Amino acid sequence: MIFIIMAGKIKQTFTEKVRRELTCDGCGECCHYVALEIDRPRSKRDYSDLFWHLLHEKVSIYIGHDRSWNMEFMTKCVNLTKDGMCGDYENRPVICRQYSLDNCTRHSDGKYYLHKFRSPEELKTYLKGRKVDFEFKRRRK
Ligand code: SF4
Ligand code: SF4
């Protein structure tokens, strides 16, 4: 099962004073991507599928602070205006309404993840570091 989310959970808390001072200022950063929580990979086939996803442009995978695995697609919302505002603010989806300034991608210094992989090589390096056996044995001819 997958869940639509906008960013991973971020381990960061703000005081009320700082929270009041947080603004969007036409940032629009969180309107430039969609992300899906994916099943944690467990088999060589799972890893192979993730490598395949990462071969595609503007696709990355990240592990959130809650250890969830997520797939991220960099693609801009059609409602985002040139000045970084929502062009249909009154009718924006629930997920946009629920997104909180105090744990958004900008105000968490962009570090909404523990690990992020933008290519198969980055993910392989991570897996090798954890001694995960992800490679299929090649058959001898
Ligand atoms: S919620 Fe955060 S990431 Fe989204 S537009 Fe506002 S400041 Fe930028
Ligand atoms: S609907 Fe508006 S707030 Fe939601 S992602 Fe699009 S531009 Fe951003």
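Student: In the hairpin of strand 3 and strand 4, which residue takes a positive phi?
Tutor: Keep in mind that this is a predicted model. The hairpin has 5 residues between strand 3 and strand 4. One residue there has a positive phi near 70°. That residue is Arg-67.

Student: How many bridges pair strand 3 and strand 4?
Tutor: Strand 3 covers residues 59–63, and its pairing with strand 4 is antiparallel. Two of the facing pairs can be named. Ser-60 stands opposite Glu-72, and Ile-61 has Met-71 as its bridge partner. The number of bridges between strand 3 and strand 4 is 5.

Student: Which residue of strand 5 stands opposite Tyr-62?
Tutor: Strand 3 also pairs with strand 5, residues 115–117. The two run antiparallel and are joined by 3 bridges. In strand 5, the residue opposite Tyr-62 is Lys-116.

Student: Do strand 2 and strand 4 run parallel or antiparallel?
Tutor: Strand 2 spans residues 33–38 and strand 4 spans residues 69–74. They are joined by 6 bridges. Val-34 faces Phe-73 of strand 4. The direction of strand 2 and strand 4 is antiparallel.

Student: In what order do the elements of the protein chain run?
Tutor: Count the elements before ordering them. The chain has 4 helices and 5 strands. Read from the N terminus, the order is β-α-β-α-β-β-α-β-α.

Student: At what angle do helix 2 and helix 4 pack?
Tutor: Helix 2 is residues 44–54, and helix 4 is residues 120–129. Their axes lie 8 Å apart. Helix 2 brings Tyr-47, Leu-50, Phe-51 and Leu-54 to the contact, while helix 4 brings Pro-120, Leu-123 and Leu-127. The packing angle is about 145°.

Student: How many residues of that helix 2 and helix 4 contact are nonpolar?
Tutor: Sort the contact residues by class. None is polar and none is charged. In soluble globular proteins, nonpolar side chains tend to be buried together. The nonpolar count in the contact of helix 2 with helix 4 is 7.

Student: Which residues form the largest nonpolar core?
Tutor: Start from Leu-50. Setting aside residues up to four places away in sequence, Leu-50 touches Pro-41, Ile-61 and Leu-123. The largest nonpolar core has 5 residues. They are Tyr-47, Leu-50, Ile-61, Phe-117 and Leu-123.

Student: What percentage of the protein chain is buried?
Tutor: A residue is buried if 20 or more other C-beta atoms lie within 10 Å of its own. The chain has 141 residues. The buried share is 13%.

Student: How far apart in space are Gly-26 and Met-85?
Tutor: In sequence they are 59 residues apart. Yet Gly-26 is in contact with Asp-83, Gly-84 and Met-85. From C-alpha to C-alpha, the distance between Gly-26 and Met-85 is 5.4 Å.

Student: How many charged residues are in the shell around ligand 2?
Tutor: The residues around ligand 2 include Cys-31, Cys-77, Cys-86 and Cys-96. The shell has 6 nonpolar residues and 1 polar residue. Its charged residues number 2.

Conventions:
Residues are numbered from 1 along each chain as its sequence is written. Chains are lettered from A and ligands numbered from 1 in the order in which they are written. This is a predicted model: local features need pLDDT of at least 70, side-chain atom pairs count only at pLDDT 80 or more; totals for chains, interfaces and linings use all residues. Axes are lines fitted to C-alpha atoms, for helices over the stretch in contact, and angles run from 0 to 180 degrees between N-to-C directions. Two residues are in contact if their C-beta atoms, placed from the backbone, lie within 7 Å. Ala, Val, Leu, Ile, Met, Phe, Trp, Tyr, Cys and Pro count as nonpolar, Asp, Glu, Lys and Arg as charged, and the others, Gly among them, as polar. A nonpolar core is a set of buried Ala, Val, Leu, Ile, Met, Phe, Trp, Tyr and Cys residues joined through C-beta atoms within 7 Å. A residue is buried if 20 or more other C-beta atoms lie within 10 Å of its own, exposed if 12 or fewer, and partly exposed in between; C-beta atoms are placed from the backbone. Two strands pair if DSSP finds at least two bridges between them. A residue is near a molecule or strand if its C-beta atom, placed from the backbone, lies within 6 Å of it.
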